[in-house]
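Colleague: I'm new to this one. Could you walk me through how to read it, piece by piece?

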Amino acid sequence: MVTNIGEVLTYLTPRIRRALEKVDGGFNRLEEIRLRAGKPLQVENGQVSALVTPEGSFTDRADRALQVREDEILRCLQLMGDNSFYTLEEEFKEGFITLPGGHRVGLAGECLVEKGRLLRIKKVTALNLRLAREAIGSSRRIIPFLVEGDRPLRAMIISPPQAGKTTLLRDIVRSFSNGEGIPSPVKVGLVDERGEIAGCFHGIPQMDVGIRTDVLNGCPKQDGIFLLLRSMSPQVIATDEIGRPEDLKVIEEILNAGVGFITTAHAWDTKDLILRPALGEIWDRGLVERVVILSRRYGSGTLEEIWDGKTKKPLPGVKPVRLGVRE
Amino acid sequence: MKLFGALLVLFSSTAAGWLWGTMLRKRLKTLGDLRQVFQWLETEIGYNLFPLQEAFRRIGERLRGETSIITGVFVGFLNSVQGLTAEEAWRQTVQTCREKLVLAENDWKILEDFGCTLGTTDRSHQLKAIRESLERIKIQEEEAGKTMEKNEKLYRYLGTAAGTLVILLFY
């Protein structure tokens, strides 16, 4: 089911591929690969951000690093896009492509705007390749806090960027769906708006999201959740990255349907959460019953606290620990 | 001996004339197949939104006869480990097929032009390029049809006639 991370290299031009194959500590340990036209090749792995020389060693000197040419960006993009940009119109509007294996390629460059609205990125000059990782079993410690009896609660995972929210969410979905750590398995409806959770490629999840999970890939949250509630009778709805004002309505709808809910949001802690327009209201009104807070304290995927959304207090018995997310 | 030589001349010139005539017919057939390819491409890309590789693979399965070599070779180049862009793969496909299919220089030009924006633009532009090539191929097909009607028999007779003339002159 899960493709080898090394396959990602076939989407890169030979020069860049050769450098990355020999990279210090191995390609498998990388988290992000950044290509910018006329700029040095840059990689990130956990806390380290470094430039890469043509020979694959790390450097912090830009002049020694491999300089990515503009035509290489286009060539990589053509390979990533299956040589068929016409199938990626939505992706050029959203600014990312999903590769087989669930890896995500972020795009930046010259945009085409009409009447103040972004039509698409017309000329791509920067790529950010984010390698997707599964951390099977990383949700084990958390699952008991997300159910009450056999009722899945409404929960939200919050953390700063790159602390492993999506990876944890994916594993929670998998555990619920497979019935691991809960009294009985539940049907999960997954609205994967940005294709990051299940990593669908041509509609088929590339990541393990469990056997009782229905995935709506690339679907706007609100439409997707209504669709699932109407047609697939989920017991838990899962979705990524809420925080827009319209998301409040979505959560109210889920509350009405009486199903469980699991989502993620960008916030450092509950104090930060209160300041966010939509998230603050969701928190204040107690629409979420659990808030799981992650950080990068011991590396990405560190569990800090789990709060009770009703009492607005952290649950006792949760100690900061690294969950093994992104391992 | 002389008679044998004369017969040989007559035979080869007739054969040459026949071959010319047949090539006209073959070109018409290939152009007809290409028109079909572009019509299918219009559906596969414009409606089904299949990636190039998938679209050409499906068309190749439906296509009969010699022309299917184009789709096969193209899919092969797209798949190659060198990581070719669609434009490069198409260019190499046209080069490879030049020796294997009977087409006029103008016909090849249409195919070459088609490769320039292949896969790198949005759907509406791809459709535009496909339809444009389709129109150009239809024109060539019409022209090839007329040429064939006019000249197929002519070439065949001309071959025999030329052979006879040579024999008469040198016998």
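Modeller: Start with a pair: A:Cys111 has A:Ile121 as its bridge partner, in β7(A). Before going on, this is a predicted model, where local features need pLDDT of at least 70 and side-chain atom pairs count only at pLDDT 80 or more, while totals for chains, interfaces and linings use all residues. Residues are numbered from 1 along each chain as its sequence is written, and chains are lettered from A and ligands numbered from 1 in the order in which they are written.

Colleague: How many bridges join β6 to β7 of chain A?

Modeller: Strands are DSSP runs of E, at least two residues, numbered from the N terminus (helices are H or I, at least four), and two strands pair if DSSP finds at least two bridges between them. Here β6 (104-114) and β7 (117-130) of chain A run antiparallel, with 11 bridges.

Colleague: Which order do the strands of the sheet take?

Modeller: In chain A it's β4-β3-β2-β1-β7-β6-β5, seven strands in an open, antiparallel sheet. At the edges sit β4 (58-59) and β5 (96-98) of chain A, each pairing on one side only.

Colleague: Which domains does chain A have?

Modeller: Bounds come from an automatic or database domain assignment. For chain A that gives domain 1 (5-130) and domain 2 (143-322). Their centres, over C-alpha atoms, are 29 Å apart.

Colleague: And how many residues does each chain bring to the contact between A and B?

Modeller: Contact means C-beta atoms, placed from the backbone, within 7 Å. Chain A brings 11 residues and chain B 15. On chain A's side, helix α2 (70-80) gives the largest share, three residues.

Notes: Contact = placed C-beta atoms within 7 Å.
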